[in-house]
Amino acid sequence: MQYEVKNAPLPVLICKLNAGESIECQKGAMSWMTPTMQMETGLGSGGGGGLLGAIGKMAKSVVTGESIFRNKYTAQGGNGEIAFASSFPGDIICFDVSANPIVCQKSAYLANTLGVNMEIFFQKKIGSGLFGGEGFIMQKFAGSGMVFLEIDGSIVEYQLAAGQSMLIDTGYLAAMEATCSMDIETVKGLGNALLGGEGLFNTKVTGPGKIWLQTMPANVLANAIIPYIPTGSDS
């Protein structure tokens, strides 16, 4: 399979598949495709089969907010092409999880090749889950193959050495390699915490591993445009 990401900041992922190749996506993610692409809706290829596998996938759906179903598109009767457009202004990034599993924000998943497993990633430290801004539950992608994630705004990548850390404001952590660890750090100084506008806590991510930061989280954009939205009392 060949793929390319085009036209950021309103990006689209275009995948060209050889006959017999398949790709999975979240329900409703397909934007356009050639007639050779055939759709099959199911529970997805990752995470095992049978009753226990179905129960596990249902549990993941409940806690992550994603649909339990996946659409699998297969090129039949010849080569095929399929496109997945981002649902938010930003970028689409592509990961090969064969070597390093990826942990990302819950809303990032767009599509994956067969062989990629989506798992629930729980914050082990209560403080990180309550105050870190990323929540207790994130998504972890492992296995073998490619996963495609949609990111809010532009993406900035850092390689953290063992023991090296980055302090990140709420919502700006898009993804990290599973070798990284996450904690919280209190903003120092009472005046800074109360008057600085940055909140009381920052997310602290420590290496080794890569992290991907997004420049325009959805909540930041929403807050920026709220003052310009007319209300019912406006004439």
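Mentor: Burial comes first: a residue is buried under 20% relative accessible area, exposed over 50% and partly exposed in between (1.4 Å probe, protein chains only). Glu-40, at 48% relative accessibility, therefore counts as partly exposed. This is a predicted model, in which local features need pLDDT of at least 70 and side-chain atom pairs count only at pLDDT 80 or more, while totals for chains, interfaces and linings use all residues. Residues are numbered from 1 along each chain as its sequence is written, and side-chain values use heavy atoms, with hydrogens and water left out.

Glu-40 sits in strand β5 (residues 37–42) and Lys-72 in strand β6 (residues 70–75), so the bridge links distant parts of the chain, 32 residues apart. Strands (E, at least two residues) are DSSP runs, numbered from the N terminus, as are helices (H or I, at least four). Lys-72 is also partly exposed, at 27% relative accessibility.

A further bridge joins Lys-210 to Glu-157, with 3.5 Å from N to O. Because Lys-210 is in strand β19 and Glu-157 in strand β14 (residues 155–160), this pair ties together parts 53 residues apart in sequence. Lys-210 has 29% relative accessibility and is partly exposed; Glu-157 is partly exposed at 45%. The bridge between Lys-204 and Glu-185 has an N to O distance of 3.8 Å. Here strand β18 (residues 201–206) supplies Lys-204 and strand β17 (residues 181–186) supplies Glu-185, 19 residues apart. Lys-204 is partly exposed with a relative accessible area of 26%, and Glu-185 is partly exposed with 25%.

Next, the aromatic side chains. The structure holds 3 aromatic pairs. Rings of Phe, Tyr and Trp (its six-membered ring) pair if their centres lie within 6.5 Å; planes under 30 degrees apart count as stacked, over 60 as edge-to-face and the rest as tilted. One of the pairs is Phe-95 with Trp-212: the ring centres are 4.6 Å apart and the planes stand at 80°, so this pair is edge-to-face. Phe-95 lies in strand β8 (residues 90–96) and Trp-212 in strand β19 (residues 209–214), so parts 117 residues apart in sequence are tied together. Strand β19 also carries Lys-210. Phe-95 is buried at 6% relative accessibility, and Trp-212 is buried at 7%.

Tyr-109 and Phe-141 form a stacked pair, with 5.6 Å from centre to centre and 15° between the planes. This pair too links distant parts of the chain, with Tyr-109 in strand β10 (residues 109–113) and Phe-141 in strand β12 (residues 137–143), 32 residues apart. Both Tyr-109 and Phe-141 are buried.

Last, the confidence. The mean pLDDT of the chain (the predictor's confidence in each residue, from 0 to 100) is 82, and 77% of the residues reach 70 or more.

Notes
Salt bridge = Lys/Arg side-chain N within 4 Å of Asp/Glu carboxyl O.
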